[in-house]
Amino acid sequence: MELLDKCLALLKEKGADEGEVSLTHFQNEEMELKAGEISLLRSRDEYHLTLQAIVDKKKASIQINKIDDEAIAEAVTELLRNAENSQADEANEVSGQIQEREFSDFKDNYDPELMYKRLDRFREKAEADYPDLVLEGALLEYQNKFNYYRNTKGVKLSSNYDKYLFYASFFGRRDELTSSMNGTGIALENLEGDLYELASLPSLMREAVEHLDARLIDGKKFSGDILITPDSLSGLLYSILSHLGNSMLIAGTSYFKDKLNEKVLNEKFTLRTEPVSEYLAVKDYYGGDGIINRNDYIFEKGVLNNYLLDLYGSKKTGLERGPSTGSNLVVEAGDKSLPEMIASIDRGIILGRFSGGHPATNGDFSGVAKNSYYIEDGEIKYPIKETMISGNLFELFQNIVGISRERVNFGFNFFPYIHAREIVISSR
Amino acid sequence: MKLDYLRDFRDEFAGYTELRLQENTNIYLRLLNGDLVDNYKKTAGGVSARVYKDGVFGFASSPLIDKGNVREVIKKSGENAVLLAGMERLNKGNLAEEGHEIIKDFSTTRPRASRKEMIEFLQELYDYTVRKYSDIKASTFVLNSLDMEKNLVTSFDTYAYTMVPRTILVMSLVMEKDGIIYDLSDLVGGLGQYEDFFTEPEKIYGQIDTLYKRLREKAEGVYPEAGFKEVILDSKISGILAHEAIGHTVEADFVKSGSVARDYLNKEVGSELVNLVDFAAEYENKPCPVPVYIDDEGTKAEDVVIIKDGILKNYMNNKELALEFGTAPTGNARAYAFSDEPLVRMRNTAFLPGEHTLDEMIASIEDGYYLIETNNGQADATSEFMFGVTFGYEIKNGKLGKAIKETTISGVAFDVLKTVSMVSDEMYWSIGGMCGKKQSIPVSFGGPAIKCKVNIGGK
């Protein structure tokens, strides 16, 4: 792309030893339903031009959203000044994995009438099926994304793909009773089907209404089992993955430091990153460092197979650059059905949503079990409220006893239910 | 001036229109164990227009601000409004149309610092830390600034220019004890630019010393006992209760949806010691950390008294919801980026101080906790909240005991407010809040120390 080549030439001309340029162009069309009314149609056209310069191993980057000559010249001048005033670091360099690749997965076109039809149908069906459900918000967005990457070592990459994003949030309301907020987000390749049936939406809406009758758990505090739903898994997993990224590995505070190829979690647990997956709508073809991502294992049967470092993190730690930096997570399905897993629990909870503080660096966490259910003697007894859980994140994934065959496809993640033991559960 | 440029389009509006020209500039520097691992600047500017028609909004934006593109944005937002109004057919009334002219510029008046000076400042903090504290395993110093510059022209003759900067230094230390990692963070800064806060590193050393002392206490501390406990929320964290637990439930969009606060207007929601206000721009005649003199719909922003002497008095709204609720707009409609539409957002939400001293409050508790630092919080339609607590102490027989390790507290806010039995005479404004409600936007919250009862997570 001519614009990027011009930026690179300018970086070199102004004194950069190395440089990289990335241009992302988004075209977004968004329709929003708020408190039952579809009241906003929003069109956005955005550019992100990111430039990085390295001078004597000193690095700086700048991002602007203009692409005219004057704005670029001004940004390059400031960038070079900032790089020269920066700190030298041997790990600063651009990717030398010389490749020219074009990725494309463009499927659809913006159709506001169809978006309205789908959103209206979702509203109509939710209102008809669940009179006690309040549809607090729903957002349907079409996104067409182009990205172009170039660096001074000759790497030339580009990608273009489009997708729809759908978010819905809702809660139950009957007389003066209100239940906890619930909701989900899904990425879609097209608008062929009803939004109503997507991912875990039908069960989440039913549960929001059931939680109007939520109760405190009898017995104030006990150690029990936890059944983590696909919707509540992502927050816990991202906390685990933060230990595989640049910051904690460079700082030396990662739980997984020096544990590559060791069994660190339960052998039932296998997690993959699938940046280019046939069944996920979101694609992550290459990183901001100009290196092409690949599908690979992060944990395979509990063994740590890969860190999720980018190029800088890799150079800084002497470890390999990750297959991705943690995008498109897929947890492999287990061999038990969800009913079998519930039946195997003597006493515990189904964790529908976790509302908690960031887990401590040592993995200790605590928080509120939202949209959750109490299980006793293998049966779901009742929806619960004002219940806290606490434990240790790493021990939780070591104490897994079952993973479900059923999985939910969110379009960017693909998750099953996970059953683990020994969580402290306390109620008011 | 950009505002004058925007004025030229005033006569091209057809019906209710807001036209905004905005630029956000963010500088982010991160020194991790003495290495500068992030050194970037982001600038995002452009123009957006929002048009109201029969109960719906059309919105469009572009980063390109030449006259042709501005006209295209105005035209596209109008087309979007017409298209959606034709499909949804809400046929609502007109929005408030009172014009104001406001100019507020909080740019620094000091000479601007270079990037080199900023990096050297962080390096001096790092050098001080490693020189004095050899048992620190890792340290991070982050300098994060955001300048929000907005120009607004509306079809009802509001002409506004605001430049509101915020600069924050976040300091995090990590320590290892018995093979277990502990960390703790603190921050300094607020309304203003780098030069307004960070001229002398020596002024920050005392805060690093306190951070280290507390981290050490935390590493040697105990797990709190899980259960329903009497606690003191320090003035540093009571504000998060004001924002997360109460504030969100009284945003009028949430009230319209059916938040629990919908049934509570003019009813008792807390003890008579509880007074809660969302300040627009000033507290005791001084600018708040996130001053909003005019909102992004062109409404002159007013303070909103949410709770007075324990009674819920008002909600925060925007023009659309003011129309719906039959009240005046409060000036809470705020947008983060040029390409974002204004949403009902809090500004500077705080409990008002009471009459007790902190020492009197600690002395009044037999068995409980004094909670001082938090790292995040979430709330719910039910007003059930949770905050992560990263530092605090046990209280035993009216005296501070051991420090506690990381935990979380939770409760149903409108129940917790009824347990408030003492309020301190201090006032502390938190400066680093970012509220995530569709768009992430700077907010501030504050208050005195509060004695109440909450659920605490623990072993």
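Across the interface of chain B and chain A in this predicted model, 48 residue pairs are found in polar contact, both residues having pLDDT 80 or more. A polar contact here is a pair of N or O atoms within 3.5 Å; within protein, one must be able to donate a hydrogen and the other to accept it, and residues adjacent in sequence count only if both atoms are side-chain atoms. Strand β2 of chain B (residues 35–53) gives the most to the side of chain B that touches chain A, with 11 residues; strands are DSSP runs of E with at least two residues, and helices are runs of H or I with at least four, numbered from the N terminus.

The rule also finds 13 salt bridges across the interface of chain B and chain A, each being a side-chain nitrogen of Lys or Arg within 4 Å of a carboxyl oxygen of Asp or Glu. A:R42 and B:D340 form a salt bridge, with their closest N and O atoms 2.6 Å apart.

How much area do chain B and chain A bury between them? The value is about 6,500 Å², of which 49% is on carbon and sulfur atoms; buried area is the accessible area (1.4 Å probe) that two parts lose on being put together, summed over both. Chain B brings 84 residues to the contact and chain A brings 74, where contact means heavy atoms within 4.5 Å.

Local features need pLDDT of at least 70, side-chain atom pairs count only at pLDDT 80 or more, and totals for chains, interfaces and linings use all residues. Residues are numbered from 1 along each chain as its sequence is written, and side-chain values use heavy atoms, leaving out hydrogens and water.

Conventions:
Chains are lettered from A and ligands numbered from 1 in the order in which they are written.
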